[in-house]
Amino acid sequence: MTHDFDGFADAPRFERFTPSHDGTAVDDLDPSFVFDFHAYDDLESDTQRWSTWLSVEPLSRGPEPRPDWVVTSQGAIDTELGILKTGKEADVFLLERGEPGGPSVVMAAKRYRGEETRSFHRSGAYTEGRKTRRSRDARAMARKSAYGRTVAAGQWAWAEWEALKRLWVLGVPVPYPVQIDGTEILMEFVTVDGDGAPRLAQTRPEPALLESYFEQLREAMAELARHGLVHGDLSPYNILAAGDRLVIIDLPQMVDLVGNPQGMDFLLRDCANVCGWFRARGLEVDEHELYGELLAHAW
Ligand SMILES: Nc1ncnc2c1ncn2[C@@H]1O[C@H](COP(=O)(O)OP(=O)(O)OP(=O)(O)O)[C@@H](O)[C@H]1O
Ligand SMILES: [Mg+2]
């Protein structure tokens, strides 16, 4: 929408504003008194919002040191670019954050669904041992009311956020977690030539790459095991193939190997899912061998 100020409708979108009340020539001013004033057009209400970076609490922002592509400026605008994938619990959208005329970045926005009448398939077993402090929330979740579903969506989002941060700091290949705001996680968009990276399941790597992929996964799973962690839903559908590199995604159900009564079952299942796929592609790997090796890291 264009504002018409006394006929200046075509004035440049970005203007330099200088506080020269007395008509002092701009060039004579101490540069420290000169600041940039950006006059933006109105946001497109259905696809844009002001960047939420500064409105979330510090704990809701990604770990430091931050990659240099993270846009933190107050004047940045978030623009919705559309949906990337719909999933069982969440939908993943593409969101561009940037200052008009400045640097911008496209991120993946994973939004957990809360309102619909469907329940999470990931429930009981993963959350055993996790407590919901507010009893009102616990009761609402048990009743599966709309409010309860929103609480549950927020808890899954928060669990995935914590898992992403933890793994990122450990150096495990996961997308960099930029921020969380309620049921929305913004994270690094993993790409190949600018498009979303394919899931491992969709790829047919030649033997050398196949072997390298398996080594990368084995190392990532070992690092998790050393810290007593299990992905809990690892499969070639939750691993992205970014060229030579694998990136692990979809972590809301990450569990404690020992603290969760089914931790070891989840680990064995992760090993079976991963090894099954590699075997079908021609690599001689065995889930029980991998499982044994990972357990040895844990103790
Ligand atoms: N950071 C990312 N970069 C690129 N693509 C992503 C990213 N995160 C998610 N995706 C894409 O979105 C899909 C769904 O993401 P994810 O697995 O985290 O959600 P989900 O709700 O569990 O989905 P599903 O039910 O399909 O497992 C992924 O398979 C992947 O194709
Ligand atoms: Mg998934």
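**Figure legends: overall fold, magnesium site and Thr203**

The protein contains six helices and 14 strands. The structure shown is a predicted model.

**View 1. Overall view of the protein.** Of the 299 residues, 43% are buried. Among contacts with a separation of 6 or more, 63% are between residues 24 or more positions apart. The accessible surface amounts to about 16,500 Å², and carbon and sulfur atoms account for 52% of it.

**View 2. Protein donors of the magnesium ion (ligand 2).** Asn238, through OD1, and Asp250, through OD, are the protein donors, at 2.1 to 2.2 Å from the ion. The two residues are twelve residues apart and link distant parts of the chain. Asn238 belongs to the loop between β11 (229-230) and β12 (239-242), whereas Asp250 belongs to the loop between β13 (245-248) and β14 (255-256).

View 3. Asn238 has a relative accessible area of 8%, and the value for Asp250 is 14%. Asn238 is classed as buried because its value falls under the 20% cut-off.

**View 4. Surroundings of Thr203.** Thr203 sits in the loop between β10 (195-196) and α4 (207-226). With a relative accessible area of 13%, Thr203 is buried. A polar atom of the Thr203 side chain lies 2.7 Å from the backbone oxygen of Leu200. Leaving aside residues up to four places away in sequence, Thr203 touches Pro198, Ala241, Trp277 and Arg281.

Note on methods:
Residues numbered from 1 in each chain as written. Chains lettered and ligands numbered in written order. Predicted model: local features only at pLDDT ≥ 70, side-chain atom pairs only at ≥ 80, totals over all residues. Heavy atoms only, no water. Helix = DSSP H or I, 4+ residues; strand = E, 2+ residues; numbered from the N terminus. Buried < 20%, exposed > 50% of the residue type's maximum accessible area, 1.4 Å probe, protein only. Contact = heavy atoms within 4.5 Å. Areas by Shrake-Rupley, 256 points an atom, 1.4 Å probe, with all protein chains shown as cover. Donors = N, O, S within 2.8 Å, 3.2 Å for Na, K, Ca; no water. Polar contact = N/O pair within 3.5 Å; in protein donor to acceptor, adjacent residues only side chain to side chain.
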